[in-house]
Amino acid sequence: MKPVLTAVVAIAAVAAVAYAAIMLMENLIPAGKPLVVQVKLLNDPSDMSPREPNVPTGPHKSEFVSNCTTCHSTRLTMTQPNFPATKWTEVVKKMVTVYGAKIDAPVEKQIVEYLAAIKGVK
Ligand code: HEC
């Protein structure tokens, strides 16, 4: 084959492969939709992922777990400093009155008991 003909065949082959690749990408990326790439920081402070901290055993732990994880992770509670029971009573009350947690009064007391036991001030 003459060198010129070889060059023409080579260019045609490259163009065909490029064309196929473009057609493939057009099918993979829906037309008209921007391609969004999400980047998640590993230590994003707003991370509410299920990598739960250790929730210690204590009285009424199950009431705490079942009522205090519907809106946020246990992390929000477990990362608080130790508080006296009066402060935990206020926190639990706030979840009900301000944020609309549906917790019966006797259960609220049990949760405060748990929090005072695991994160209380002696
Ligand atoms: C109805 C949703 C909801 C439920 C159920 C809920 N919380 Fe919260 N909680 C919130 C919201 C909203 C915040 C504020 C989040 C923020 O500030 O980023 C919050 C914040 C907190 C904080 C951070 C400190 C503060 O006072 O704001 C703690 C501690 C906490 N919740 C504990 C609890 C406990 C304990 C329970 C179970 C009795 C509970 N939450 C149930 C919605 C809820």
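Predicted model: local features only at pLDDT ≥ 70, side-chain atom pairs only at ≥ 80, totals over all residues.

His60 sits in the loop that runs between helix H1 (3-28) and helix H2 (61-67). The backbone of His60 deserves attention: its phi is near 65 degrees, a positive value in a residue that is not glycine. Is His60 buried, exposed or partly exposed? His60 counts as partly exposed, because 17 other C-beta atoms lie within 10 Å, whereas 20 or more would be required for a buried residue and 12 or fewer for an exposed one.

The chain holds 5 helices and 0 strands, so that, read from the N terminus, the order of elements is α-α-α-α-α. Of the 122 residues, 10% are buried.

I come next to the ligand. How many residues surround it? The shell comprises 17 residues, and the closest are Cys68, Cys71, Met95, Tyr99 and Ala101. Two elements, helix H3 (75-78) and helix H4 (85-97), each give two or more residues to this shell. Which of the elements gives the most? That is H4, with 4 residues.

As for composition, the shell around the ligand contains 10 nonpolar residues, 6 polar residues and 1 charged residue.

Thank you for your attention.

Note on methods
Residues numbered from 1 in each chain as written. Near = placed C-beta within 6 Å. Nonpolar A, V, L, I, M, F, W, Y, C, P; charged D, E, K, R; others polar.
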